[in-house]
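Welcome! Have a look at the structure first.

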Amino acid sequence: MTMTSLSRRSLLKSGAAALAASALPLGAARAQDGITIGAIYVGPRDDFGWNQSHAAAMDILREVPGVSVVEEENVPETDAVAKSMESMINLDGANLILATSFGYYNPFVLDVAAKYPEVQLRHCAPLWNPDTDPKNAGSYFSYLNQAHYVNGVAAGLSSASGKLGFIAAKPVQTVLSNCNSFLLGARSVNPNATVQVIFTGSWSMPVREAEATNALIDADCDVISCHVDSPKVVIETAEARGVKSCGHNADQRALAPNGFITGAESKWSTTYKIYAEALMSGETVPNLIAGGYHNDMVMNTPFGAGATPEAITAAGAAIEALKGGKPIYVGPLKDNTGKLVIEGEMDNYAPELEKMNYLLDGVIGSTT
Amino acid sequence: MSDAIFMVLMAMLGGAIRVSTPFLLVALGETLTEKSGRINLGLEGNLVLGAMIAYATSYSTGSPWLGVLAAGLAGMVLSAGHGWICKLPKVNDIAVGIAFMNLGTGLAFFFGKPFIQPTAPRLDAIALGAWSSNPQVQQALKVNPLFFVGLGLAVLLWWMLKNTRWGLIIRMTGDSAASARAMGVSVDRVRLLATSAGGFFAGIGGAFLSLYYPGSWSESLSSGQGLMAVALVIFARWNPIRCVWAALLFGASGALGPALQSIGFSKGYYFFNAAPYILTLVIMVLSARSQKAAHEAPGELSIVK
Amino acid sequence: MSLSSATSDLPARRKLRLDPRSAALIEASVIPLAALLASALIFSLFLTLLGKDPIRFFALVWTGGVASSFSFQNTLQRAAPLILTGLAFAVPARIGMTLLGAEGALVLGGLASALVAIPMVLAGWPVWLGLPIMALAAMAVGGVWMGIAGWLRHYRGVNETISSLLLTYIAVAIMNFLVEGVFRDPGSTNKASTMPLGPDWRIGDMPGTSVHWGLAAGVIIAVLLWVLMERTTFGFAARIAGGNLRAAQAQGLAVGKLAVASCAIAGACAGLAGFFEVTAVHGQANASLAAQYGFTGILVAFLARQNPLAVVPVALLFGALGASGGLIQRRMDMPDATMLVLQGIIFVTLLVSETLYGRLPFLSTEQAGDRT
């Protein structure tokens with residue numbers, strides 16, 4: 001699988017583009033004959049999680065004059081997605097296709113991009129390689145771990161026991177990074193904090209997610225967060241058991257009126273507006289857009305009743321620090337088997353972090 | 001260490017009670033159906049449709065128990081369709097079951113879209129662990145009334161099949177349609193009624209999923225529990241009491257994976273998560289050869305012929 | 001049946017009297033087509049009640065599944081794995097076994113082919129030699145996996161429906177364990193996968209099409225299995241055993257061997273589907289191998305009435321529904337589950353129509369009374 005190494009400069013550039021674009025009201029752009037943007041989701045578009053976060057951003061685009069949006073949900077990561085993309089191109093005349101699930105990229109987005117060079121395809125993960133991959137393909141993604149770091153800060157100051165729980169779908173890089181950042185956030189305010197992780201082995205399996213939540217609470221965790229496709233069950237189970245929770249991917253505040261602290265969310269609308277803008281003005285659609293707090297690509301859900309006043313203050317300060325480029329991973333850091341994994345200070349966008357395959361010391365759990 | 005073992009055991013007890021109920025209700029429904037000589041492989045459809053209807057009803061009316069009833073009725077209607085079609089000559093009951101699994105799931109997903117987001121009133125649990133000061137014991141013994149409905153139903157079914165005239169008619173229909181007919185029993189009607197009642201129970205099993213545990217409606221809610229429960233009936237050898245043990249075992253072993261990870265034992269969690277399936281297979285391999293097993297199967301059942 | 005034998009004496013029917021074979025053929029085409037029409041009508045009613053336009057719906061199914069070269073190839077490609085998994089259910093069904101395990105055999109077969117390929121790719125073996133080895137590995141592993149269900153059934157008395165279902169869940173666990181563990185490619189950071197085989201090892205599309213070779217393989221194997229089941233002693237014995245197990249045993253047929261062999265053939269078909277998923281679709285093995293093709297194959301086989309040849313058109317029908325499902329979502333603002341409902345209605349209607357076989361009055365033959 002190809003890995004993109006991102007230079008900090010390219011990120012900052014895209015950050016500037018993001019700011020420039022969000023300053024421009026979209027409707028004011030000179031609309032072309034009309035552009036069609038297709039979006040493909042791996043699950044239901046109202047899943048209270050990953051797919052919903054994209055669908056909500058598409059709904060914003062839908063309101064823009066001159067843009068029509070076509071969507072398909074529940075498209076598996078098989079040749080079905082290649083055919084869905086081709087169908088959008090051939091039958092709907094799509095100009096841009098947003099493939100939002102990780103496994104869509106290789107080989108499906110790559111094949112379709114090579115076959116239809118006049119259509120732009122953008123995929124939501126850091127996979128596009130400028131040297132080898134088609135020029136009409138590209139990547140966009142957010143460093144959601146920054147928002148999970150803020151979750152950790154707020155959770156660390158809202159927890160009585162300092163024991164936090166994290167329900168993870170699979171031991172893959174984004175999940176591990178979110179979990180580790182959650183720990184580091186909590187440790188920045190409570191050096192004794194721990195994060196206990198349970199892997200469910202599946203992106204969406206509600207019964208096992210509920211079991212995992214219960215198991216963590218039985219192990220004395222009093223704040224629960226997660227990285228699964230649809231966090232609704234986790235948040236609701238935690239609320240029913242009377243413990244606090246931090247959300248993931250979408251606004252889950254309403255699900256836990258008593259215990260919700262805050263949640264990590266991506267702001268896909270930032271990226272999608274840049275794309276629509278570029279298409280309508282006939283400019284090149286950027287191949288690579290990535291970022292976090294510094295360029296308005298992630299956010300934290302407004303605080304809920306579970307957040308203590310100290311947590312709100314500290315989380316707000318953490319957000320400001322992240323916007324200013326404060327690094328999350330500051331060495332020396334060991335993984336939880338005792339191996340030194342990070343020596344010095346890591347830039348929040350350092351390519352090394354894209355290879356993360358460990359859980360840091362302080363996280364209880366194993367990746368295999 | 002003994003603490004950790006206690007935790008895992010408590011989690012498995014709690015898991016057995018929490019997770020087993022839908023398996024139990026579906027398995028009991030299937031037992032009744034199969035005792036009458038027909039197999040309905042489609043109860044997964046009832047489970048999913050029941051879950052959706054229960055959630056939607058609870059959300060719209062504010063009464064979760066009305067949701068339970070609606071789920072049962074939806075399951076009954078679906079299974080009545082199965083029962084009616086299967087009485088036509090040359091129609092294969094297994095195939096019709098799979099068709100209804102498809103149809104039930106499809107209808108649930110189709111009409112369930114608007115109910116993924118909202119939060120509906122859910123069923124309450126009975127706190128049976130109030131005597132203990134240990135929070136884990138308290139948690140493990142928080143039991144939903146539907147679990148007791150399942151237990152009561154198991155005893156009732158067992159007693160009814162064994163001791164009543166109705167039970168005799170159902171068993172006779174299941175063992176030999178010809179002799180049932182000779183006794184003046186309408187085989188088709190008995191099977192229609194048994195299948196419909198079984199569908200009702202399976203629908204309630206779905207209500208448990210969406211209204212209690214995990215307590216939410218989503219398209220990935222079931223992950224094949226209804227299909228597995230139907231298979232458990234063969235494992236339980238058509239005995240309602242053994243269905244209880246099978247469901248409890250399945251629930252407890254399902255809790256094993258998360259519980260072991262919560263005490264920091266997580267190597268190979270895929271296999272712990274697959275524990276219910278592995279354990280069921282091992283027990284079947286060890287026990288199935290007995291002559292008793294063949295003897296207990298209803299003679300008319302296409303799947304054991 | 002009584003109805004047809006009663007009417008067959010009428011002089012007016014004499015013109016339509018047919019030899020049994022062509023009567024059966026006409027029956028086998030007229031009844032499913034009528035059932036498809038009926039399900040279209042029922043579904044149209046469903047749509048009308050929801051305020052949607054049924055004509056537009058079926059026009060879109062036509063556009064998305066058949067009308068253009070792109071759409072038709074979309075249908076063909078989606079049908080390819082379903083032919084093989086459909087066969088995986090149909091073959092053991094002829095001997096009376098209900099095997100729900102094709103999904104597991106597909107997953108493990110695909111995994112096996114990806115794993116045996118790794119040393120060959122690294123050693124630079126020629127692709128023409130490597131691909132058949134991969135296919136054989138996939139078929140062998142799939143065959144053994146399903147063979148277990150057959151063996152357990154015959155020699156341990158374990159019901160094959162439940163064991164094959166359990167084996168499927170276990171197979172997926174094994175695949176996940178290996179793909180996320182020892183065989184994980186270090187580059188696959190966010191979706192655990194085995195080592196990518198590279199473009200040279202992808203089998204590619206059939207010339208002049210954008211449909212992969214799995215379709216051709218499926219059609220060839222369907223024909224071969226039809227010959228096996230209809231024209232050989234093996235198939236004859238399997239059908240006897242499927243019709244009446246005790247009679248077959250009484251005649252001294254090796255029922256156990258037949259059962260294991262049928263399951264192994266089924267597993268080999270599913271394993272081969274896994275091979276094509278790896279070499280034609282994914283280029284590696286990962287969790288996406290478990291894409292429910294094994295379960296959809298059960299529907300395909302039932303609708304094909306377990307006839308290997310009929311599996312092909314039925315798989316095409318499912319392919320067309322899959323191919324047009326996206327268009328329905330996009331153009332009619334209806335959920336993806338719309339196609340599930342339609343599938344369910346088609347399935348139920350076709351099964352109800354089974355009852356009509358041998359009872360169509362206009363197809364009476366001399367021997368009509370003998371047919372059951």
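**Exercise 1.** How many residues does the contact take from chain C and from chain B?

*Solution.* Before counting, note that this is a predicted model, in which local features need pLDDT of at least 70, side-chain atom pairs count only at pLDDT 80 or more, and totals for chains, interfaces and linings use all residues. Residues are numbered from 1 along each chain as its sequence is written, chains are lettered from A in the order in which they are written, and side-chain values use heavy atoms, with hydrogens and water left out.

Step 1: contact means heavy atoms within 4.5 Å. Step 2: by that rule, chain C brings 48 residues and chain B brings 45 residues.

**Exercise 2.** Describe the area between chain C and chain B, and what supplies it.

*Solution.* Step 1: buried area is the accessible area (1.4 Å probe) that two parts lose on being put together, summed over both. Step 2: for chain C and chain B this comes to about 4,100 Å², with 76% on carbon and sulfur atoms. Step 3: Arg156(C), Leu166(C) and Tyr169(C) provide 14% of what chain C buries against chain B, more than any other three residues.

**Exercise 3.** Find the salt bridge between chain C and chain B.

*Solution.* Step 1: look for a side-chain nitrogen of Lys or Arg within 4 Å of a carboxyl oxygen of Asp or Glu. Step 2: the count here is 1 salt bridge. Step 3: Lys113(B) pairs with Asp336(C), and their closest N and O atoms are 3.0 Å apart.

**Exercise 4.** Now turn to chain B and chain A: how much area is buried between them?

*Solution.* Step 1: the area is about 2,900 Å², and carbon and sulfur atoms give 48% of it. Step 2: Gln117(B), Gln261(B) and Tyr269(B) supply 19% of the area that chain B buries against chain A, more than any other three residues. Step 3: 37 residues of chain B touch 38 residues of chain A.

**Exercise 5.** How many salt bridges cross the interface of chain B and chain A?

*Solution.* Step 1: the rule finds 3 salt bridges. Step 2: one of them joins Arg18(B) to Glu211(A), at 2.9 Å from N to O.

**Exercise 6.** What is the extent of chain B?

*Solution.* Step 1: along its principal axes, the C-alpha trace of chain B spans about 65 × 50 × 35 Å.
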